[in-house]
Amino acid sequence: MLEGLQMLGHSYLSFLNFWSIVYGLGGALLGILVGCMPGLSATLCIALLTTLTIKMAPNDAILILICAYVGTLYGGSRSAILLNIPGTAANAASCADGYALARKGEAGRAIGIATSGAFTGTLFGVLCLAMFTPALAEIALSFGAFEFFWLALFGVAMSGSIVGEDPIKGWLMGCLGLLVAQIGQEGLYAYDRFTFGWDELSGGIALIPALIGAFGFAEVLTSLADPIERKIVEMKDSVLPRFREVFQYWRTVLRSGVIGVVTGILPGIGEDSGAWMSYAAAKTVSPEREQFGKGSIDGLMAAETGDMSAIPGGIIPALALGIPGSAPAAVLMAAMIIHGIQPGPMLMIKTPQFVYDVVAMTTLATISILIFGLFLVRPLLHVLRVRRTVLMPVIFVLCTVGAFAIASRLFDVYCMLAIGIGAFFLRRRGYEMAPFVLGLVLGELLDKSLRRGLVLSDGSIAPFFTRPICAALAAVTILTMLMYIPAVNVRIRRAWGEAKRLVFRRRAGP
């Protein structure tokens, strides 16, 4: 342990120089700017920067990439709060409460809370990265196809509680997302499904164009369909978060931090699922659950803490196992390999110092987003003063460019337009898009896990229920869905109340 602390201290000291600080601040600032632009993801940012930093020293290049990674996911909360359009997929959960606060004239407060959640979430993840990497990597190894199936199904079950008051609509949209995720070549044998002879559909519906269409283009259509010009949001409140207001949600920070780290560790889950699961968990236990979607500080704090803490969580299996936890972490791992660093079990034996270097890099990125998050708020708020007739065409252009930039396919633009038009009509009928995106994110994981599990069990479904972790996840998933049945909900709450009264009587004594 003392040796680890010594290496960690050496890593922190090695980055306390002029150029490392410049690289860290520059990477974070560039990431924030990219994250503010709808459709430009962290994966794209890291991929482009990898080509630009190829000639740099390995530690300097990785420092820029990690800071840009953290900055991009944080920057995506700005457009989510100010425009109701998430800059990245991980920021979609911040739209409902962040934008609602901005519409109330509390944009500065919303961004301050988002900054606090992002800072504390990333810092919590950094602590886990430094202290629990071996243990958490072993937990990730214990999950197989059977456990991943239930984890994905639990995420879809939670879609009933993410937004809105009608769980049926949430489940319908979640199932629609699962259905859309099945389009294209399936993951085991590359057989085309639901392509109807269109070669373009063989690659499936990409997440970023779908996300931009569901939130970006649909928002443009909704705004233009409203004949009343929206009132310009004025910056009247302070951007500096009040310590007391942040501290009172310490339970939300810890709970969302744990959820974010765990979802980051599990391969294929990613930051977006960490945000949604944290948001859903907060809504389940929060005393202000009726405010969720209407400007809840608790909901915004949970979403931002969950997605940002998933960043260090996704780096943990990439370093310890060579298995990235998310798409940006996969590109980051590829950049490490390009620079002569081989992630995996042997990394802790050959170059253990690099693990602590990554901890120091992520810490610098965390401090960077805190600095820029508090001092670049007001310039970014000017976007709300632009008239809708000017802003919406600009947003449409950004949506088109963002959808095209991922794979340089015109087909992705057509998908964005089609999903956006469909989302526009669904939103007018009271169907929210967040469960749809969650189903789309988890669809591939659920499909692959189910089929792999059936192959491993020779067609038997018994392992999906008899394995210990599977049994626990299955029980939680089924109980979650039963809670939405009014009769069952009333009986469970009544039984819970009786149990609490019985406990109080025993404590009180005769």
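This is a predicted model: local features need pLDDT of at least 70, side-chain atom pairs count only at pLDDT 80 or more; totals for chains, interfaces and linings use all residues.

**Helices, rings and loops**

User: Where does α22 bend?

Analyst: The bend is at L442, and the angle is about 40°. A bend here is the angle between axes fitted to the seven residues ending at a position and the seven starting there. Helices are DSSP runs of H or I with at least four residues, strands are runs of E with at least two, and both are numbered from the N terminus.

User: Thanks. How many residues does α22 have, and how far does it reach?

Analyst: Helix α22 covers residues 434-456, which is 23 residues. From first C-alpha to last it reaches 33 Å, close to the expected 33 Å at 1.5 Å a residue; that expectation is 1.5 Å times one less than the number of residues. Just after α22, D458 takes a positive phi of about 60°.

User: What about α15, where does that one bend?

Analyst: At I311, by about 30°, with a proline, P312, following within four residues.

User: Is α15 enclosed or open?

Analyst: Largely enclosed by the rest of the structure, because 24 of its 24 residues are buried. Buried means under 20% relative accessible area, exposed means over 50%, and partly exposed is in between (1.4 Å probe, protein chains only).

User: Switching to aromatics. How many pairs are there?

Analyst: A search of the whole structure gives 9 aromatic pairs. One of them is F18 with W19: the ring centres are 5.3 Å apart and the planes sit at 75°, so the pair is edge-to-face. For pairing, the ring centres of Phe, Tyr or Trp (its six-membered ring) must lie within 6.5 Å; planes under 30 degrees apart are stacked, over 60 edge-to-face and the rest tilted.

User: Which rings link into a cluster?

Analyst: F146, F149, W150, F464 and F465 are joined by ring pairs.

User: Nice. Which residue lies over the face of Y431?

Analyst: K169 does, at 5.1 Å from the ring centre. The criterion is NZ of Lys or CZ of Arg within 6 Å of the centre and within 35 degrees of the ring normal.

User: What does UniProt list as "transmembrane region"?

Analyst: The unreviewed entry lists several stretches, among them residues 203-225 and 464-485. Its positions are in the numbering used here, feature names are shortened, and annotations may be inferred rather than shown by experiment. In the model, residues 203-225 are 83% helix and 0% strand, with end C-alpha atoms 33 Å apart. Residues 464-485 are 82% helix and 0% strand, and their ends lie 24 Å apart.

User: Now the loop between β2 and α11. What is the phi of F194?

Analyst: F194, found in that loop, has a phi near 55°, a positive value in a residue other than glycine. F196 is in the loop between β2 and α11 as well, and has a positive phi of about 55°. Most residues other than glycine have a negative phi. F194 is partly exposed at 44%, and F196 counts as exposed at 71%.

User: And D199?

Analyst: D199 lies in the loop between β2 (192-193) and α11, and is exposed at 64% relative accessibility. Its C-alpha is 9.1 Å from that of G184, 15 residues away in sequence.

User: Last stop, α4. What does the side chain of T72 reach?

Analyst: The backbone oxygen of G31, at 3.4 Å. T72 lies in helix α4 (residues 58-83) and is buried at 0%. I64, also found in α4, is buried at 11%, and its C-alpha is 4.8 Å from that of G27, 37 residues away in sequence.

Technical notes: Residues are numbered from 1 along each chain as its sequence is written. Side-chain values use heavy atoms; hydrogens and water are left out. A polar contact is a pair of N or O atoms within 3.5 Å; within protein, one must be able to donate a hydrogen and the other to accept it, and residues adjacent in sequence count only if both atoms are side-chain atoms.
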